[in-house]
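Today I am opening my notebook on a new model and looking up a few local features, one at a time.

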Amino acid sequence: MREENFTSYLVAEFENEETCEYFCCGFVADCSSDHSSPNVQWLTTKSKLPADYFINEEERIPYSINELIYENNFKTENEKVTLIVTDKDYRKKIAGLFGQIRDDYRRLLKQSVSFTPVKDIEMFLTDFVSETESPINVEEMQKSIRRYNDLEQESDKIKSKVAKLEDIKSELQGLEKRKLLELRQEYFIEKAKLDALQEQKENYHIDVENYQRQIEKNTRDIADSSKRIDVLGAKKEEMRDKRDSLVVLKDKVFLNNQIKSVNEQVQTIQNQTEQGQEAIALMKYFIRVVKALPIELPSITNLVKVFEKYNQEQKLISKFVEMNDLLDQIVKELVSYKHFVNEQEKRLKSKVSVLLNEEERLKKGIKMVPEQIRVFKEALQKYLSNYDKNAQVEYLSDVIDFKQGEESWQKAVEAYLGGQRYYLVIDPKFYNKALQYYQSVQKQKEIYGIGIINLEKLQKKHFNAKKNSLARKLKTGDQLVQAYINFLLGHVIACEDIFSLAKFSTSITIDGFLYKGFVTRKLQFKNLTMSIGSTAVKKQLLDVQEKLNGCQEELRTLEKKLTILKEVENYQKKDSYSCEIVTEYADSEKLNQKLADLKTLENKLNNLDDSELVELDEKIKRLDKEVSDLTVQITKITTNSNTSQETMNQINQTLLPQCLEKIMAQEKIFQTKFESCQQLPSFEEAYRVAVNKLDILVYQKFITNYENNQKQTQVSINELEEKIREKMNDYNQMFTENLSINLKQSNLYLEEYEKFTNSELPKFELDIKDAKEKAVYEFRYEFLGKLKSNIENIQRQVNEINDALKNRKFGEDTYRFKITAASNNKEYYEMIMDEMLMDNGEWNLLSAAFESKYAQQIEVLFSILSGNDLDNGQSKESRIQAFSDYKTYLTFDMIVTKGDSTQRLSKTYEQKSGGETQIPLYISLLAAFSQVYRVNNTRRNNTLRLIIMDEAFNKIDGEKIKQCIQMIKGFGLQAIFSTPPEKISEIMEEADKALVVFRNQNQATLREFSSLYEMIGEPYEV
């Protein structure tokens, strides 16, 4: 990289062979050391390259742009350098120098420099050969189409608005109708209320007249009834005097008084008799309850004997005092006995609870052991686990079992071992640790009776079990444990009977008789818990369940006793008064005597002759009845008159004035509501019709019916108003409007409706028509016309190339390009190229014949350009671009003719070598240059003939390279090749000269040669 400012030149020198004049063109660039954008200017001269090659001979560096301008001052007009700033001006300048050739020579020349033949004929023709096609201004056409679509969408939006507004307008009209219906219903209700009040006023006047007449009539009836009462009173006095004079009256009064007195005595004696009999029955019941007790007490036995002695009820009554005292004494004894039974029940329930817990643990497989030993074992297990998690602590009874057939000796063995069954078995290596723990727990609480077997000591000793010893009835999987069992039981001999015991120092029978130390004693089997062997838990469970059943049965017996004792406890000893009542009245003798006395008096009363007395009493009774009826009648009439007077006063003083006030108020309400109502005449007529239809007019019912109808109408109005508000809200949201949804401002929606229907919608329809015509016009001229122009242009240029290639042979091959309609778009190609598209130089796309013939194709293309017809996953832009490109409608190929046979180059690419596929395209490129440079024109052919190729002929062999160069000369072109050394020999045979770059280490030298022979013997690397 250069660190200072510098200037670079790139300039080419040309000679016009016809005029023998020289000119140069190129550019100069001032480059800054700060690597900013260089100052570049184009340059031309009318002469050869200057002798100094733009280099300052003193400083040996190129002139800067400013220095070049300064040097111009000392040069002739032809030697002066012309500097050009803009690309456009430079292209215009050199176009004249190059013979006014087509402007696309620059693109063709640029492509040829890095020419890499391709296998796509279309790309070759369009990129290397064809002039720039006429661009299709799709954007302008899309703007017109979008405007047309936007207008249509806006029109659809306005139509949607009109539809929504029309719906709202219809609902508003419905709302007006319902409100009119509600107003008519309101009229019916208020009119009926007024008419009802008028009717009530008339009814009040009628009621007052009726009440007045009723009061007058009642006054006359009361006077008549009073006179009749006076007459009946005189008759009653006369009959009463006659009745009082009868003798039988006095006898009847006397007997009735006596009967009343005896009845009272009978009632008293009967109560006392029932009380005494109840006491006897209660005593019998308690004696039966006491006899039912499952216990034997001396007092109960004595009571039973006394009861059997006085079994007859009469004897029991006479001895009631004695029996009462005895029963009271027994009850007191039983109350004390009940406390004893309660304690028994409490202890038994506690025992049952313990047994149930034991049963639950045994069912879970947990063996019963003394609590102190179990707690110590678990704590020791946890302690040893701190040193070794695999440490185990087991009971001796858990690691031994009875041999098969020896299970009958279990009770004897278990009773003999006793607490030794629960000695703890541990791994010998943990023995000292266990002793340390055993000693440590003594500090908290004294624990004794727990044994830890020293199996380590047993490893060093050997103990044999004697024949028939208890040790031989047991088994274990641990040899050390077996040694301990031999030590413990190996000398205890099992004997068949008690008389064989003394033959051995220590012996035992199967039923638990033990001989030891010259003494025979019986071991206790009762309450013995089986702990040895795999069946120990099962046996313990059976034992616990047996004990549990016994306890539960005993508990049921105690509960039965307590039930009876609770009943006996309720017995209350009778006091002396109660005892007297039992002894005097319980036998019913006094009651029977008093009933007989009552019967005698009743018979005497029934035998009296009182017929005359009865007759007088009946007459007096009838008179009393008539007087009573008349009195009641007078009372009723008086009450009626008073009520009528009060009602009449209420009507005159309160109800009628209130009614008049209501009439005035209702008339005012009616006038206020309907005075200015335009529908009043029609309402009045409808009201008369509605009233006349009714067979019976009941105003309140009429009002209620119409009030219900009005409520329904109001509900429907509210619902409709809510519906209208929802539609207004939907309208605002759908079209992003901000109109009020207040129904009082509903006229805004009606105004919108009128505005759209009468003004905007017709205007949009006209705008849509204009936009569509513009879009169609641009589609005709900007799309189809330019597609046709581009197709015709490429066809023209290819025809020119084919003309240039027509008489050119490469070996035996001749070449020509062929353009045909693309098979997948043939119908569009035919439409674009149809002669009907043109009519005297003017477009006539919409003519009937053309439109009828290509209606489908026109519709599809128009839809594609508007972006509405997407398929196959194409994007809108790529699809529009494809159908706007004239190449979409064409297929390109090259025809290779050799003698009578022809081949399509596109079909033989894969079969031929790289050189064979390159040659036709090289030749085609030369033909394109020939056309651009107008080589074959008879006039205006003094043009540039330059063609530049980098790494030319890289895939072509030597002989064909020569043929290619010969063809370049045949086309009248001047070629400059850049090629690697291996191609020099072939090229130099046909080339005019060669500029060769030689490298010697880091230095490069450029030398010119006229032939290959001049280069032979050069010492440097080429």
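I began at strand β12, which is joined to strand β13 (residues 513-516) by three bridges, the two running antiparallel. For the record, helices (H or I, at least four residues) and strands (E, at least two) are DSSP runs numbered from the N terminus, and two strands pair if DSSP finds at least two bridges between them.

A note on my source: this is a predicted model, in which local features need pLDDT of at least 70 and side-chain atom pairs count only at pLDDT 80 or more, while totals for chains, interfaces and linings use all residues. Residues are numbered from 1 along each chain as its sequence is written, and side-chain values use heavy atoms, with hydrogens and water left out.

Back to β12. I looked up partners and found Thr 506 bridged to Lys 516 in β13. Three residues lie between the strands of this hairpin, and Gly 512 there has a positive phi near 100 degrees. With strand β11 (residues 493-495), β12 runs parallel, again over three bridges; Cys 495 has Thr 509 as its bridge partner.

Which way do the residues of β12 point? Thr 506 and Ile 508 go one way, Ser 507 and Thr 509 the other, and all are buried (buried is under 20% relative accessible area, exposed over 50%, partly exposed in between, with a 1.4 Å probe and protein chains only).

Next I checked another hairpin. Strands β18 (residues 890-898) and β19 (residues 901-904) pair antiparallel over four bridges, with Ile 895 opposite Arg 904. Here two residues separate the strands, and Gly 899 has a positive phi near 65 degrees.

Then a helix: in α17 (residues 576-585), I found Ser 578, Cys 579, Ile 581, Val 582 and Tyr 585 buried. They sit on the same side of α17, because their arc around the axis is only 165 degrees (the arc is that of the directions from the helix axis to the C-beta atoms).

Last, the cysteines. How many disulfides are there? I counted zero, a disulfide being a pair of cysteine sulfur atoms within 2.5 Å. The closest cysteine sulfur to that of Cys 25 is in Cys 24, 7.6 Å away, which is too far for a bond. Cys 25 is buried, at 8% relative accessible area, and Cys 677 also counts as buried, at 12%.
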